[in-house]
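Hi there,

Here is the structure I promised to pass on. Have a look at it first, and then read my notes below.

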Amino acid sequence: MRDPLTDCSYNKAYKNLKEFSQNGENFCKQVTSILQQRANLEINYAKGLQKLAVKLSKALQTTKKNCLVSAWAWVSEGMKSAADLHQKLGKAIELEAIKPAHQVLSVHEKKKKSLDDEVEKAANLVIGNWSQQLKAKKKLMVSTKKHEALSQLVESSKHTVTKKEKQKLLSKLKKSTEKLAKEDENYYQKNLAGCATRLKWENTLENCYQSILELEKERIKLLYNNLNQYTQHISVFGQTLTTCHTQIHCAISKIDVEKDTQALMEETAVSSTENKSEFLLTDYFEEDLNNAMNKERQESSLKSKLLRLQKDIEKASRDQEGLERMLKSYSRDPAFSDAESQKITAALMDETNLKLDLLQANSYKLSSVLAELEQRPQPSHPCSNSIFKWKEKQQTHSYVKISQPFLMKRLENVVSRTSSGGQRIPRSSSTALVIITGSNFQPPVWPRSAVVFARLYILFKPDKMMN
């Protein structure tokens with residue numbers, strides 16, 4: 001089966017950021033390990049220096065006191081003071097740098113695992129939906145062939161069988177028709193459900209992308225704080241560590257958190273490119289012009305499917321108009337709703353737009369077959385160049401690539417939220433698409449937008465609002 005996830009820009013951006021984040025995490029672990037070794041050296045050195053100071057003090061106790069002995073006593077006290085300084089430095093490194101680093105890394109590891117599980121779960125839904133569609137399609141194709149064979153048998157034996165046998169054949173034909181309609185509706189609904197699963201996966205990728213950027217920001221601040229506190233403790237050693245401290249302090253004085261954040265942004269920035277989402281289109285037995293199906297039934301079946309699509313297009317169009325009115329109301333009077341409501345409404349608008357795209361692509365494909373069957377000119381449609389096919393196990397599958405703006409939020413939106421409150425930018429609408437068919441059957445002209453099937457918009461249906 002074709003992998004529907006391979007060429008997704010959201011997926012590529014998320015994987016690139018994960019790799020960058022993993023490199024940063026590995027560096028943080030290495031720094032923490034080095035600090036732990038430094039802390040152990042300081043503590044062990046302090047213990048050894050303390051033992052030497054005690055030995056020197058005991059030696060002085062058995063020696064007659066004089067100026068020379070008094071001077072060595074100051075040496076012993078100096079050793080004790082130095083040991084105390086090294087002991088405090090080692091403990092401070094453990095408490096103020098190593099412990100927080102372990103805590104942050106542990107939290108980050110759990111969070112990233114949770115994010116990966118969430119992305120994987122959403123991706124499996126997309127793959128599962130594609131697999132279900134292909135299975136449902138195969139089942140529908142087999143049932144349609146059987147039903148057609150039964151229909152031809154009934155027609156050919158009208159005048160050659162007894163009344164009882166004819167009644168049995170008609171009963172079988174009725175059951176076959178009901179079964180075919182049920183499988184057809186199941187296949188159709190699975191195809192529409194592909195919109196919701198694809199949207200959920202892409203939204204999950206976008207949200208997880210932002211979460212990992214937040215973790216990277218926190219890691220940068222952790223490394224900065226550790227280095228800053230480290231140099232503060234080193235400075236208490238005085239003149240003996242002046243040279244080393246000067247070098248470190250010089251390096252720290254050049255550190256700029258905002259500059260590091262900007263560097264991260266440049267490393268992980270994703271240019272705004274076009275994202276093309278792939279959706280399976282419905283494929284029916286009736287679309288094969290070389291099959292043995294009766295032409296009249298073939299035309300009738302195609303028209304009934306087009307009528308079903310027309311009804312759904314009309315409903316989605318009404319939903320779109322209602323959402324447009326709501327967004328205009330928000331624009332005229334911002335106090336009419338809060339930021340979250342505007343964000344939800346914009347997302348619903350995106351979903352409704354994509355549903356129209358998918359329905360129109362299916363309608364165009366069926367209209368093209370019907371036009372060829374009725375020997376009429378082919379309909380024109382801007383999406384004709386975006387519909388593709390591939391063969392697998394002696395079956396041909398159709399899918400459409402629908403263009404969407406690819407707008408991953410960059411790090412500047414994470415560090416400092418803009419006045420928009422961090423809302424997701426609605427996907428822009430594209431030009432209208434027109435389906436041109438013959439006089440026998442002509443679906444209406446519907447506006448084309450860009451992006452994702454509406455799942456939640458039942459609350460804002462215009463007919464319910466008027467009631």
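A pocket here is an open set of points on a 1 Å grid over the protein atoms alone, where a 1.4 Å probe fits, with protein on both sides within 12 Å along at least five of seven lines; lining residues have an atom within 4 Å of a point. The largest pocket holds about 580 Å³ of space, a volume being the space filled by probe spheres set on the points, which are joined across faces, edges and corners.

This is a predicted model, in which local features need pLDDT of at least 70, side-chain atom pairs count only at pLDDT 80 or more, and totals for chains, interfaces and linings use all residues. Residues are numbered from 1 along each chain as its sequence is written, and side-chain values use heavy atoms, with hydrogens and water left out.

Back to the largest pocket: 21 residues line it, and Met141, Asp283, Tyr284, Asp288 and Thr396 lie nearest its centre. Helix H2 gives the largest share of this lining, 5 residues (helices are DSSP runs of H or I, at least four residues, numbered from the N terminus).

H2 (residues 67-156) is also where you will find Lys112. Is Lys112 buried or exposed? Lys112 is buried, at 13% relative accessible area (buried means under 20%, exposed over 50%, with a 1.4 Å probe and protein chains only). Its side chain makes polar contacts with the side chains of Ser21, at 2.5 Å, and Glu25, at 3.0 Å (N or O atoms within 3.5 Å, one able to donate a hydrogen and the other to accept it).

Best wishes

Note on methods. Helix = DSSP H or I, 4+ residues; strand = E, 2+ residues; numbered from the N terminus.
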